[in-house]
Amino acid sequence: DIERRGYGDVSPRSSYMRIFSIFYIPFAIGVTAQIFGRITTVYLKNKKEMDENEFLGRRLTAADIERMDYNGDKVVTKDEYLRFMLVSMGKVTHDDLDRLEILFDKLDRVNDGKLDADDIAAISDEE
């Protein structure tokens, strides 16, 4: 049993309806928020994928090559290309990549630019 008051406000009259409303209203709000959250997630995921495809499908310019040249030697290596693309697509930051390079250098105990069994042995010997 529902009663109308004032400007069309609706409120439950019986105590059973009031108790039911105490539980139903927060539940309904939560379910509605979850539905909108899922719809938003799907939309944003599709938009991000479309933006990435557009970015990957465009032509490179001389300005892009200049921006890719991370070390300034006028040549773009595969590493510089990957760094530029990952940062441009928002997958990582330059700081993330710099930290990973530092970690790699610490793990590369024999300083040959590769990680292999010799590096693992050098780390094991130090421990």
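Where does Leu 60 lie? Leu 60 sits in the loop between helix H1 and helix H2 (62–68). The views below show a predicted model, in which local features need pLDDT of at least 70, side-chain atom pairs count only at pLDDT 80 or more, and totals for chains, interfaces and linings use all residues. Residues are numbered from 1 along each chain as its sequence is written, and side-chain values use heavy atoms, with hydrogens and water left out.

**View 1. Leu 60 in the loop between H1 and H2.** Leu 60 is partly exposed, at a relative accessible area of 45%; buried means under 20% relative accessible area, exposed over 50%, and partly exposed in between (1.4 Å probe, protein chains only). Leu 60 touches Met 68 and Tyr 81, residues up to four places away in sequence not being counted. Contact here means heavy atoms within 4.5 Å.

**View 2. Helix H1, residues 15–57.** Helices (H or I, at least four residues) and strands (E, at least two) are DSSP runs, numbered from the N terminus. H1 has 43 residues and reaches 63 Å from its first C-alpha to its last, close to the 63 Å expected at 1.5 Å a residue; the expected span is 1.5 Å times one less than the number of residues. At Ser 21, H1 bends by about 30 degrees, the bend being the angle between axes fitted to the seven residues ending there and the seven starting there. Ser 21, Glu 52 and Phe 55 are buried in H1, and their cover includes strand E2 (9–12) and H3.

**View 3. Tyr 43 and Phe 55, two residues of H1.** Tyr 43 is exposed, with a relative accessible area of 52%. Tyr 43 and Leu 103 are 60 residues apart in sequence and 36 Å apart in space, C-alpha to C-alpha. Phe 55 and Met 89 are 34 residues apart in sequence and 7.9 Å apart in space, again C-alpha to C-alpha. Neighbours within four places in sequence aside, Phe 55 is in contact with Phe 84, Met 85, Ser 88 and Met 89.

**View 4. Helix H3 and the residue Gly 90 that follows.** Glu 80, Arg 83, Phe 84 and Met 85 are the buried residues of H3. These buried residues pack against H1, H2 and H4. Gly 90, after H3, has a positive phi near 75 degrees.

**View 5. Lys 74 in the loop between H2 and H3.** Lys 74 is not a glycine, yet its phi is positive, about 70 degrees. The relative accessibility of Lys 74 is 78%, so this residue counts as exposed.

**View 6. The largest pocket, with a volume of about 240 Å³.** On a 1 Å grid over the protein atoms alone, a pocket is an open set of points where a 1.4 Å probe fits, with protein on both sides within 12 Å along at least five of seven lines, and lining residues have an atom within 4 Å of a point. Grid points are joined across faces, edges and corners, and the volume is the space filled by probe spheres set on the points. The lining consists of Tyr 70, Asn 71, Thr 77, Asp 79, Glu 80, Leu 82, Arg 83, Leu 86, Leu 97 and Glu 101. Helix H3 (78–88) and helix H4 (94–107) each supply at least two residues of this lining, and H3 gives the most, with five.
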